[in-house]
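Q: I have a new model open and would like to go through it piece by piece. Can you take my questions as they come?

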Amino acid sequence: MKNIYALTAAIGIAFAGGALAQDPIVIKFAHVAAADTPKGRAAEYFKKVAEERTKGRVKVEIYANSTLYKDKEELEALQMGSVHMLAPVAGKFGPAGVKEFEVFDLPYIFPNDAALHRVTQGPIGASLLKKLEPRGFIGLSYWDAGFRVLSSNKPIRTPDQAKGQKIRINSSKVNQSIMRSIGALPQTMAFSEVYQALQTGVVDGADGNLSNLYTQKQYEVQKHLTLTNHTYSGYVVVANKPFWDRLPADVRAELEGAVKEATEFNRKVALEDDAKSLAAIKASGKTEVHEPTADEKDAWMKAMMPVQEEMASRVGRDLIDAIRKETAAVTQR
């Protein structure tokens, strides 16, 4: 393992050294979402601000919609220095060896955006980002994309209606447990393959956010949508550590500032996009949207909440307790 990291560092440094010899420095930023999603728009905003702040010393190339790497490939590509920046879902770092990031997948651990941001923008969020460095990543920020909902071809208004349904999830042990908690059959597959899988019946439904459901046109091949909002849908902005560390200090500082500005922009557009996507899905007439009643919401929470305890040994009980304490400070105001 040490040899792999040494090789990764050597490749990254060599790549960075080559980049620094050129004018401008090229930063390849790849992601799997569409360009008009909160992540896609934030990436483009980062590009604009970064190039302006560095006065042309940096050129950011954005590769959206899995055009460069699929989501199963992108973390390895980042470690090898084939790309320089990514914004993968937080839970993806679990299989990569940083299981603590799967805490973001836990059901109903963040009651609202204010509670979420108290965690991501505070000491807990910062300490989690530091845990990425031994894996060859520099954690830069967290970007929002709303909360996850359930789409399906059969109604899933209550947890019992999910039994036996094949639901697509991203790669996360926590998401697997969430689907099993309601009797569904979790199906892990690449994001770029979901539309066809839904269309052909390979899976019966999907777990995801409203923006992706709309921009990937998944709603066209799904008859039902239930606004469970059961887990956070967001991303961790990361860079290849050897590349980032080799940047001139003044350039790196400007890029960190650009990330901060893009994060503020992302928060704003994520809220706007949720409302826009939901309205567009409703207007299409292709998908029936269900807002759970108070009793139904209680049933969803009762079914899924045990996953928090089930996964405590994996993601860290101390971390879960710390997040509960932080979120309670918001909800009790």
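Q: Let's start with helix 5. Which exposed residues does the face turned away from its buried side carry?
A: That face of helix 5 carries P123 and K130, both exposed. Exposed means over 50% relative accessible area, buried means under 20%, and partly exposed is in between, with a 1.4 Å probe and protein chains only. Helices (H or I, at least four residues) and strands (E, at least two) are DSSP runs, numbered from the N terminus.

Q: And which residues of helix 5 are buried?
A: In helix 5, residues 123-130, the buried ones are I124, G125, L128 and L129. They cover an arc of only 135° around the axis, which puts them on the same side of helix 5. The arc is that of the directions from the helix axis to the C-beta atoms.

Q: Before I go on, what kind of model is this, and how are residues numbered?
A: The model is predicted: local features need pLDDT of at least 70, side-chain atom pairs count only at pLDDT 80 or more, and totals for chains, interfaces and linings use all residues. Residues are numbered from 1 along each chain as its sequence is written, and side-chain values use heavy atoms, with hydrogens and water left out.

Q: Now the whole chain. How many helices and strands does it have?
A: The chain has 14 helices and eleven strands. Its radius of gyration is 20 Å, close to the 20 Å from the globule rule for 333 residues, so the chain is as compact as a globular protein of that length. The radius is taken over C-alpha atoms, and the rule is 2.2 Å times the number of residues to the power 0.38.

Q: What does the C-alpha trace span, and how much of the chain is buried?
A: The trace spans about 60 × 40 × 40 Å along its principal axes. Of the 333 residues, 53% count as buried.

Q: What does strand 2 pair with?
A: Strand 1, residues 25-30, runs parallel to strand 2 and is joined to it by six bridges. Two strands pair if DSSP finds at least two bridges between them. F29 has I62 of strand 2 as its bridge partner. Right-handed means that, with the strands pointing away from the viewer, the path from the first strand over the helix to the second runs clockwise.

Q: Where else is there a right-handed β-α-β unit?
A: Strand 6, helix 6 (residues 173-181) and strand 7 make one. Strand 6 (residues 166-169) and strand 7 (residues 185-188) run parallel, with four bridges between them. K166 has L185 as its partner in strand 7.

Q: How does strand 6 pair with strand 8?
A: In the parallel sense, over two bridges, with strand 8 at residues 205-208. I167 stands opposite G205 there.

Q: What about phi at S66?
A: S66 has a positive phi of about 65°, although it is not a glycine. S66 is in the loop between strand 2 and helix 3 (74-79), and counts as buried at 16% relative accessibility.

Q: And K217, where does that lie?
A: K217 is in the loop between helix 8 (210-215) and strand 9 (224-226). Its phi is also positive, near 60°, and K217 is partly exposed, with a relative accessible area of 43%.
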